[in-house]
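Here is a walk through one protein chain.

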Amino acid sequence: MLKYYVRAKEALTLLRTDKDGVVSFEYVIVAACIVAAVTAAFGTTTGTGIGAALTTAIGSLTTAVTAAA
């Protein structure tokens, strides 16, 4: 058990001093923020907001293309 504790402690020490590890962790945080922002903007359904506008626009384009053909 002590061996695993020592390995975990060494890994955390290396991660703390390793610049690449910190940058990777920051990318994960930034990606989570981007996902949250996109979800907030578009919502999880197409019933309201931008999702409804996009659904209406795509429907209009589909109708226009079908009528033109």
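The paragraphs below cover confidence, fold, surface and a few side chains.

This is a predicted model, in which local features need pLDDT of at least 70, side-chain atom pairs count only at pLDDT 80 or more, and totals for chains, interfaces and linings use all residues. Residues are numbered from 1 along each chain as its sequence is written, and side-chain values use heavy atoms, with hydrogens and water left out.

Begin with confidence. pLDDT is the predictor's confidence in each residue, on a scale from 0 to 100. The protein chain has a mean pLDDT of 79. Of its residues, 81% reach 70 or more. Helix 1 (residues 2–17) has the lowest confidence, with a mean of 77. Helix 3 has the highest, at 87.

Now the fold. The protein chain holds three helices and zero strands. Both kinds of element are DSSP runs numbered from the N terminus: helices are H or I with at least four residues, strands are E with at least two. Read from the N terminus, the order is α-α-α.

How much of the chain is buried? Buried residues account for 3% of the 69 residues. Buried means under 20% relative accessible area, exposed means over 50%, and partly exposed lies in between (1.4 Å probe, protein chains only). The protein chain exposes about 6000 Å². Carbon and sulfur atoms supply 73% of that area. Accessible areas come from the Shrake-Rupley method with a 1.4 Å probe; for residues, only the protein chains shown count as cover.

Next, find the nonpolar patch on the surface. Val-30, Ile-34, Val-38, Phe-42, Ile-50, Leu-54 and Ile-58 form it, with about 610 Å² of accessible area together. Patches are made of residues with over 30% relative accessible area and no salt bridge; like charges are joined within 9 Å, and nonpolar side chains (Val, Leu, Ile, Met, Phe, Trp, Tyr) within 5 Å. A salt bridge is a side-chain nitrogen of Lys or Arg within 4 Å of a carboxyl oxygen of Asp or Glu. Helix 2 (19–42) and helix 3 (49–68) each supply at least two patch residues. Helix 2 gives the most, with four.

Ile-58 lies in helix 3. Its relative accessible area is 53%, so Ile-58 is exposed. Phe-42 belongs to helix 2. Phe-42 counts as partly exposed because its relative accessibility is 37%. Phe-42 and Ala-52 are ten residues apart in sequence and 9.0 Å apart in space, C-alpha to C-alpha.
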